[in-house]
Amino acid sequence: MTFDLWGAAYQIMDGRCSGDGFRAFRSWLAVTLDRDTYERVLAEPDTLADVPAIRRLAGRETRDWAADEWPQAFAEAGPDEPPAGQPWDFDDPREVARRLPRLGRMFPRIGEVHERGNVHWANG
């Protein structure tokens with residue numbers, strides 16, 4: 001698992017993807033996706049834009065998702081292993097556009113992140 005995959009999960013879930021959330025997301029991927037799709041997503045996380053369960057969430061705010069739509073809802077938390085690769089700022093729109101262009105367009109961020117990763121949701 002990589003920081004790019006974590007960034008993808010973070011983008012899809014509008015910044016609501018802590019370390020525990022990422023472990024659950026990884027487990028959800030393993031349980032939900034067929035092997036070919038799973039391997040493709042691991043190699044290129046932006047291909048999550050092609051996954052029907054993810055596409056159904058696009059254009060909707062996370063507060064409108066049903067509990068069973070969250071891409072971690074049915075997953076048990078997996079092993080606690082650090083992501084591979086270089087960490088990057090998931091809240092930097094330029095980095096998101098560079099690393100995850102399709103997901104960045106499908107899931108524009110609504111929340112505003114402040115110091116220490118605390119998320120404060122924009123009004124309206």
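Student: Which residues have the most contacts inside the largest nonpolar core?

Tutor: A nonpolar core is a set of buried Ala, Val, Leu, Ile, Met, Phe, Trp, Tyr and Cys residues joined through side-chain atoms within 4.5 Å; buried means under 20% relative accessible area, with a 1.4 Å probe and protein chains only. The model is predicted, so local features need pLDDT of at least 70 and side-chain atom pairs pLDDT 80 or more, while totals for chains, interfaces and linings use all residues. Residues are numbered from 1 along each chain as its sequence is written, and side-chain values use heavy atoms, without hydrogens and water. The largest core has 31 residues, and those with the most contacts inside it are Phe25, Leu29, Leu48 and Leu103.

Student: Which helix gives this core its largest share?

Tutor: Helices are DSSP runs of H or I with at least four residues, numbered from the N terminus. At least two core residues come from each of helix 1, helix 2 (19–32), helix 3 (35–43), helix 4 (52–55) and helix 6 (101–106). The largest share, seven residues, is that of helix 1.

Student: How many residues of helix 1 are buried?

Tutor: Helix 1 spans residues 3–12 and is mostly covered. Its buried residues include Phe3, Trp6 and Tyr10.

Student: What does Phe25 touch, leaving out residues up to four places away in sequence?

Tutor: Contact means heavy atoms within 4.5 Å. Phe25 is among the residues with the most contacts inside the core. With those sequence neighbours left out, Phe25 touches Leu5, Ala9, Met13, Leu48, Pro71 and Gln72.

Note on methods:
Buried < 20%, exposed > 50% of the residue type's maximum accessible area, 1.4 Å probe, protein only.
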